[in-house]
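Here's a quick briefing to read alongside the model. Have a look around first, then work through the notes by topic.

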Amino acid sequence: MSRAEPRPSRRAFIGATGAVAATGLTAGCEAPAVRQDRPPSPAATPRVPPTGRHQAGVTLPRPAQPNLLAVVADVDDGVAVGPLLAELGEAVLALTAGTDPRLLGLPPGDLTVTVGVGPRLVRKAGPALPGAADLPRFSRERIPARSRGGDLLLQICAGDPLLLPVVAAALLARAGDRMQERWRQSGRRGPDVPVAGDVSAPRNLLGFIDGIVGPHTPAEQRRHLWLAGPAPVAGGTIAVLRRMELDLPRFAALSVAEQEAVFGRRRASGVPLSGGNSASNADLGAKTPDGRYVVPADAHVRRAHPNVVGVGLMLRRSYSTDGPSPGLLFISFQNDLRTFTKTLAHMDGSDALLRFTTTTAGATFLILPGFDRQRPLGAGLFP
């Protein structure tokens, strides 16, 4: 995965029109049939409504768009956060509607922009609010100070990679000098693999299906994903971003059986080593005739299992990255930061998968509740 990129000039942002480079992980929204040798037209891609109880870009669209750009920024001291968020919300409405001239004529298609605020700003609104806690430090981290934390997240997703830098430039221009970019990362998801019913998930760079376990039903999402209160944050969620480099050569040197032992699942199908189908819960008590666990003690599926850790489910919307080292932008959404922190603490030092990762950036954000023209983005939380 790439390291933190130096902040280009404002002129470079506004002039950016090149495609975003990345490598493969979930296909975007369905589009009408087109020729096999050219990508779907963004103009023909169904639009994703930006308003509602929840912001788009978390559970919608489903499956997620193939391209993502995460921009993390700092808000200057003394800036009125409420008006800044309201203006960003207005810009999101114009960009997703295709009426903002800074789109440079590009059709928005399935564009979504998801906005989150970091712990420093949340604590200003209320130190006891969800999202006020910083992300703790863990092992296997090599994170420069500039790539840790941040005040504001702009998660931009689209089927058309050309949109990502153009939309980022438009949003940064709207904010002006009130915020400064801290770090950014682009990524891409590959085609989805059917798991069960209407649930599907992509493969990651290690060749395994990524995101099988999660709050997929509305009932599970109410319990594990969305914040229920207090009122200013109800309908929001907590996001964690972790950029990781992957040691692909060392993992690829393992036999398929050894790779499957790292994950605790079959590489081709996603089926747990204990049997069943790809949606089956792993039988962590199953043993071989000679007394060994069928799912190894250090397998990822065991060390990260919610029932073993004693936490809820997290929704993952991760993207693969490239250059100079291939990797993963891990993004999880949950209504309690401890769902992530307790899981990673349980994995730390004993999860076989972590031996192939090095984290180079990390942050957590309160994803603001949904908004519309009558209820501005961040309303009720910031004056």
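**The pocket and its surroundings**

Helix H10 gives the largest share of the lining of the largest pocket, four residues. Helices here are DSSP runs of H or I with at least four residues, strands are E runs of at least two, and both are numbered from the N terminus. A pocket is worked out on a 1 Å grid over the protein atoms alone, as an open set of points where a 1.4 Å probe fits, with protein on both sides within 12 Å along at least five of seven lines; lining residues have an atom within 4 Å of a point.

Before going on, keep in mind that this is a predicted model: local features need pLDDT of at least 70 and side-chain atom pairs count only at pLDDT 80 or more, while totals for chains, interfaces and linings use all residues. Residues are numbered from 1 along each chain as its sequence is written, and side-chain values use heavy atoms, with hydrogens and water left out.

**More on the pocket**

- The lining has 46 residues, and Gly211, Val213, His300, Ala304 and Arg316 lie nearest the centre of the largest pocket.
- Besides H10 (337-347), the elements that give two or more residues to this lining are strand E7 (237-246), helix H8 (300-303), helix H9 (306-309) and strand E10 (327-334).
- The space inside comes to about 1000 Å³, a volume being the space filled by probe spheres set on grid points that are joined across faces, edges and corners.
- By type, the lining splits into 26 nonpolar, 15 polar and five charged residues. Here Ala, Val, Leu, Ile, Met, Phe, Trp, Tyr, Cys and Pro count as nonpolar, Asp, Glu, Lys and Arg as charged, and the others, Gly among them, as polar.

**Salt bridges**

- The count is 18 salt bridges, each one a side-chain nitrogen of Lys or Arg within 4 Å of a carboxyl oxygen of Asp or Glu.
- One of them joins Arg120 and Asp151, at 2.7 Å from N to O. Arg120 sits in helix H3 (residues 119-125) and Asp151 in the loop between H3 and strand E3 (152-158), so this pair ties together parts that are 31 residues apart in sequence.
- Asp151 is buried, at 5% relative accessible area, while Arg120 is partly exposed, at 28%. (Buried means under 20% relative accessible area, exposed over 50%, and partly exposed in between, using a 1.4 Å probe and protein chains only.)
- Asp210 also pairs up with Arg316, with their closest N and O atoms 3.0 Å apart. That links distant parts of the chain, 106 residues apart: Asp210 is in the loop between strand E6 (199-202) and helix H5 (218-224), and Arg316 is in strand E8 (residues 315-316).
- Arg338 and Asp336 form another salt bridge, with 2.8 Å between the closest N and O atoms. Salt bridges that share partners also join Glu87, Glu90, Arg174 and Arg178 into one network.

**Nonpolar cores**

- In soluble globular proteins, nonpolar side chains tend to be buried together.
- The largest nonpolar core here has 65 residues, and those with the most contacts inside it are Val117, Val167, Leu171 and Leu366. Such a core is a set of buried Ala, Val, Leu, Ile, Met, Phe, Trp, Tyr and Cys residues joined through side-chain atoms within 4.5 Å.
- A second, separate core has 21 residues, including Leu68, Trp183, Leu315 and Phe365.
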